[in-house]
Amino acid sequence: MKRALLACPAAAACLHSGHVLAQEASPATAAPGCPATASDMPLETLFGTWEARFEGVPGVAKVQLAKHPDYAGVRGTITRGGGDTPAGVSQLAGDVDEDGYLSLDESADGHAISGVWLGELQAASCGKEFKGVWRNAADESTRPFVLTKINNNSGK
């Protein structure tokens with residue numbers, strides 16, 4: 001699948017190896033009528049406003065996702081900071097990959113990738129929470145993240 005920004009395969013290796021992302025002892029099951037994996041969700045479920053929390057980073061970032069104009073994926077922004085810290089806005093683009101993971105590329109300047117997200121839908125969340133690993137493209141450092149849906153704005 002074409003992407004506006006390309007993901008680095010190292011993030012997938014990190015997530016799939018379990019090196020950074022701690023796995024639950026027994027994964028929760030989806031409630032009846034809820035998707036068990038991101039592959040079971042319509043793309044439109046990703047549209048709207050989300051909150052992103054990163055382990056070891058205070059505060060909450062705001063994520064807006066909408067339909068990507070060029071392919072079957074999402075495009076949007078993440079706004080970090082605020083309050084005493086100047087807000088920084090980066091662009092996001094991505095999709096649900098062939099393994100059912102939410103895969104997002106982040107760009108601080110709109111050209112080069114500054115971060116890569118790889119998250120797994122939490123089955124018990126009914127499509128409203130992803131947990132995964134964010135990788136900083138500059139230094140290869142990683143941080144676990146939780147992405148939680150806060151509204152159902154379609155973004156169409």
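What follows is a friendly conversation about how some labels in this predicted model are reached.

Biologist: Before we look at details, how do you know which part of the chain to treat with caution?

Modeller: This is a predicted model, and pLDDT is the predictor's confidence in each residue, from 0 to 100. The protein chain averages 83, and 75% of the residues score at least 70. Over residues 1-26, pLDDT stays under 50, although the model has 52 contacts beyond four places in sequence there.

Biologist: What makes C34 and C126 a disulfide?

Modeller: The cut-off for two cysteine sulfur atoms is 2.5 Å. The S to S distance of C34 and C126 is 1.8 Å, so the pair falls within that limit and is called a disulfide. The structure holds one disulfide.

Biologist: Why is the disulfide of C34 and C126 called left-handed?

Modeller: The torsion about its S-S bond is about -80 degrees, and therefore it is left-handed.

Biologist: Which parts of the chain does the pair tie together?

Modeller: C34 sits in the loop between α1 (9-17) and β1 (48-54), while C126 sits in the loop between β6 (115-121) and β7 (129-136). The pair therefore ties together parts that are 92 residues apart in sequence.

Biologist: Let's turn to the aromatic rings. How many aromatic pairs are there?

Modeller: The count comes to five aromatic pairs. The rings of F54 and W117 form an edge-to-face pair.

Biologist: What makes F54 and W117 edge-to-face?

Modeller: Their centres are 5.3 Å apart, within the 6.5 Å limit, and their planes are at 70 degrees, over 60, so the pair is edge-to-face. F54 is in strand β1 and W117 in strand β6, 63 residues apart, and the pair links distant parts of the chain. Both residues, F54 and W117, are buried.

Biologist: Then why is the pair of F54 and F145 called tilted?

Modeller: The angle between the planes of F54 and F145 is 50 degrees, with 6.5 Å centre to centre. Under 30 degrees would be stacked and over 60 edge-to-face, so 50 degrees leaves the pair tilted. F145 lies in strand β8 (residues 142-149) and F54 in strand β1, so the pair ties together parts that are 91 residues apart in sequence. F145 is buried, and so is F54. Together, F54, W117, W134 and F145 form one aromatic cluster.

Biologist: How do you know that the side chain of S107 makes a polar contact with the backbone nitrogen of G110?

Modeller: A polar atom of the S107 side chain lies 2.8 Å from that nitrogen, and the cut-off is 3.5 Å. S107 is found in strand β5 (residues 102-107), and S107 is buried at 1% relative accessible area.

Biologist: What about H68 and D70?

Modeller: A polar atom of the H68 side chain lies 3.0 Å from the backbone nitrogen of D70. H68 is in the loop between β2 (61-67) and β3 (74-82). At 1% relative accessibility, H68 is under 20% and therefore counts as buried.

Note on methods
Residues numbered from 1 in each chain as written. Predicted model: local features only at pLDDT ≥ 70, side-chain atom pairs only at ≥ 80, totals over all residues. Heavy atoms only, no water. Helix = DSSP H or I, 4+ residues; strand = E, 2+ residues; numbered from the N terminus. Phe/Tyr/Trp six-rings, centres within 6.5 Å; stacked < 30°, edge-to-face > 60°. Buried < 20%, exposed > 50% of the residue type's maximum accessible area, 1.4 Å probe, protein only. Polar contact = N/O pair within 3.5 Å; in protein donor to acceptor, adjacent residues only side chain to side chain. Contact = heavy atoms within 4.5 Å.
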